[in-house]
Amino acid sequence: MFKENFYWGASTSGFQVEGGFGLGGKGVASTDVRVVPEGIADSKIASDHFHHFLEDIDLMSELGINLYRFSFNWTRVMGEGREANLEGIKFYNQIIDKCLEKGITPFPTLYHFEMPQSFIEEFGGWQSRECVDQFVKYAEVCFNHFGDRVKMWGTINEQMIVSAASDLNGNHEPNQELKMKKMYQMSYNMSLAEKKAIQIFRKIVKDGQIGPVCSMQVVYPESPSPENILAAKNAEDFLQNCFLDMSVNGTYPLSYTNYLNKKGWYPEVEPEDNQILTENKPDLIGINYYCSTCIRAKNDSDNDSKLPPFYRNEMFTLGNNPFLTKTKWMEFGIDPEGLYIGMRSIYEKYNLPMIVTENGLAYSDILEEGQIHDDYRIDYLEQHIAQCERFIDEGYPLLGYSPWSFIDVVSSHQGFGKRYGLVYVDRTDADVKECKRIPKDSFYWYQDKIKKNKKG
């Protein structure tokens, strides 16, 4: 049963929802210059939250949520990167104050895929320790300006994804061996930056909580063969544990360390790093979960060149799970029980409370006579919330649940053809229109779900 202090929330991210390109002192971000497929919307207008944020927070209040998980745009807070942008800080102060006025706890993430493009051009972004220093400076600005009212923070969103996505991090190295080495160095530098930010957070926001937001990997072997069991264990270390082990304990799994040393990809470190990494621990873990992953041992004949870089190794590759229902946008299959399985595993390993920061169903919603009948999304959310309740009933600490996403946001590569929102944004990739907000059936279902659970 959900407790009275449970956070019923909803999520967005800055670059996918805000828009406001070039307005209010915002600098040019990596997400502003990345190349999207022809005919697909980019993030320059996105859902135009920049101009609709008051209306959006009113809708959040109508929905009944008591937590808004969002992210700061680094380039709105820091302009081109090095100096605080007072207009951007005012913008986020307005969001924070409006949320608090409506009884909604603001829960921002510092880094959600977006960073100053000037840093990538100047020193390669996360490839350089200079980026660590700049991130810490940015985090300190955020803590100082917002920490008096914001007590719940995320550090880095989905480190696995952003370490590997060249269009987000600027790692366009043509030599594939060197590109992989740079990827692991970038990931290490992110971890170091996270720990240094936590160190400063403890001094500024002494009554706050902070932690990473992970892309939770629920890994099943394709079959019970020893080879596939080992492949699944390796996949869990490389796709999840290497990030969370570092976030929580300041160390890497030994299997991960051994492999990177063997390949010559182990990141460059400095002697003083170890103390920073091991002493600054998070308070919570954010959980992003959409589906589970099926893994098998890799064969010599497998071609992994079209897979993301984190799948390119000799140890494992993607398998197929015939037991799950697959859809156009949910190609790995829908697996509600995976949410319970994954969170239980993470708690037993790290003993930290969790909050579901993203969980949702992608669909090409159709507006019919001014309405969106998304029973498929209601079914998905209902099943996953049931697993959260199961988790809590067994005594595990779950702070809250925030579906992805509050409103339709621009998808990284599919624009507005792929939608997750509880609220429809009336625009297409080609025609921005007025970005009118239209609550979907799932909005009213979630509203009712929250009301019933608050009554107990």
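This is a predicted model: local features need pLDDT of at least 70, side-chain atom pairs count only at pLDDT 80 or more; totals for chains, interfaces and linings use all residues.
A pocket is here an open set of grid points where a 1.4 Å probe fits, with protein on both sides within 12 Å along at least five of seven lines, and its lining residues have an atom within 4 Å of a point.

The barrel comes first. Eight strands close into it in the order E1-E2-E3-E4-E5-E7-E10-E11, with parallel pairing. On average, neighbouring strands of this sheet are turned by 30° against each other, direction ignored. One stretch of the sheet can be followed in detail: strand E3, spanning residues 105–111, pairs with strand E4, residues 152–157, in the parallel sense over two bridges. Here Tyr111 stands opposite Ile156 of E4.

Attention now turns to the open spaces. The largest pocket holds about 1,400 Å³ of space. Its lining is made up of 44 residues, and those nearest the pocket centre are Glu158, Ile161, Phe310, Lys418 and Tyr420. Two helices, H8 (159–164) and H9 (166–169), each supply at least two residues of this lining. Sorted by class, the lining of the largest pocket contains 21 nonpolar, 13 polar and ten charged residues.

The second largest pocket has a volume of about 220 Å³. Its lining includes Phe2, Lys3, Asn5, Phe6 and Tyr7, together with Ile392, Gly395, Tyr396, Pro397, Leu398 and Leu399. Of the residues lining the second largest pocket, eight are nonpolar, two are polar and one is charged.

Note on methods. Residues are numbered from 1 along each chain as its sequence is written. Side-chain values use heavy atoms; hydrogens and water are left out. Two strands pair if DSSP finds at least two bridges between them. Helices (H or I, at least four residues) and strands (E, at least two) are DSSP runs, numbered from the N terminus. Axes are lines fitted to C-alpha atoms, for helices over the stretch in contact, and angles run from 0 to 180 degrees between N-to-C directions. On a 1 Å grid over the protein atoms alone, a cavity is a set of points where a 1.4 Å probe fits but cannot get out, and a pocket is an open set with protein on both sides within 12 Å along at least five of seven lines; lining residues have an atom within 4 Å of a point. Grid points are joined across faces, edges and corners, and a volume is the space filled by probe spheres set on the points. Ala, Val, Leu, Ile, Met, Phe, Trp, Tyr, Cys and Pro count as nonpolar, Asp, Glu, Lys and Arg as charged, and the others, Gly among them, as polar.
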